[in-house]
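Trainee: Could you walk me through this model, one question at a time?
Mentor: Gladly; here it is.

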Amino acid sequence: MLADYTDDWLAAQELKVSTGALKRSTLDGYALLLRAYVQPKLGRLPIASISAADIERAFTELIRQSTRQVSGTLSPRKVRHAWNVLPAHLLRRVAIASV
């Protein structure tokens with residue numbers, strides 16, 4: 001499941017924090033984005049079954065998602081950050097599988 005994978009990925013990033021290669025605040029930001037936005041939309045899906053269409057649908061829903069902000073929706077910047085925190089090799093795998 002994607003949620004397990006992203007949790008494992010976050011745990012692996014702890015080594016980077018301990019060596020000073022990654023700031024704690026950066027890792028905390030990654031964790032927030034993954035757990036608040038990515039995992040609720042895609043977390044229950046097996047990684048091998050995730051398609052480009054699944055990711056596109058999830059992020060379209062995020063763009064439309066209501067928030068407590070004045071604008072009422074997530075900012076494009078927040079959605080972009082959520083996309084960017086997905087591990088690059090996971091996105092490459094989805095792109096290859098969708099071809």
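Mentor: Helices (H or I, at least four residues) and strands (E, at least two) are DSSP runs, numbered from the N terminus. This is a predicted model, where local features need pLDDT of at least 70, side-chain atom pairs count only at pLDDT 80 or more, and totals for chains, interfaces and linings use all residues. Residues are numbered from 1 along each chain as its sequence is written, and side-chain values use heavy atoms, with hydrogens and water left out.

Trainee: In what order do the elements of the chain run from the N terminus on?
Mentor: The chain has zero strands and five helices. From the N terminus, the order is therefore α-α-α-α-α.

Trainee: What percentage of the residues in the chain is buried?
Mentor: Buried means under 20% relative accessible area, exposed over 50%, and partly exposed in between (1.4 Å probe, protein chains only). Of the 99 residues in the chain, the buried share is 33%.

Trainee: Are α1 and α2 roughly parallel or roughly antiparallel?
Mentor: Two packed helices are described by the angle between their axes and the distance between the axes. Helix α1 (residues 2-19) packs with helix α2 (residues 24-42) at about 175°, with axes 10 Å apart; axes are lines fitted to C-alpha atoms, for helices over the stretch in contact, and angles run from 0 to 180 degrees between N-to-C directions. Angles under 35 degrees count as roughly parallel, over 145 as roughly antiparallel, 65 to 115 as roughly perpendicular and the rest as oblique. That makes the pair roughly antiparallel.

Trainee: How many nonpolar residues are in the contact of α1 with α2?
Mentor: Contact means heavy atoms within 4.5 Å, and the residues that meet include Trp9 and Leu10 in α1 and Tyr30 and Leu34 in α2. Ala, Val, Leu, Ile, Met, Phe, Trp, Tyr, Cys and Pro count as nonpolar, Asp, Glu, Lys and Arg as charged, and the others, Gly among them, as polar. Besides four charged and three polar residues, the nonpolar number is 11.

Trainee: Within what arc do the buried residues of α4 fall?
Mentor: In helix α4 (residues 76-85), the buried residues are Val79, Ala82 and Val85. The arc is that of the directions from the helix axis to the C-beta atoms. The buried residues line one face of α4, because seen down its axis they fall within 130°.

Trainee: Which exposed residues does the face of α4 turned away from its buried side carry?
Mentor: The buried side has cover that includes α1, α2 and α3 (52-64). The face turned away carries Pro76, Arg77 and Asn84.
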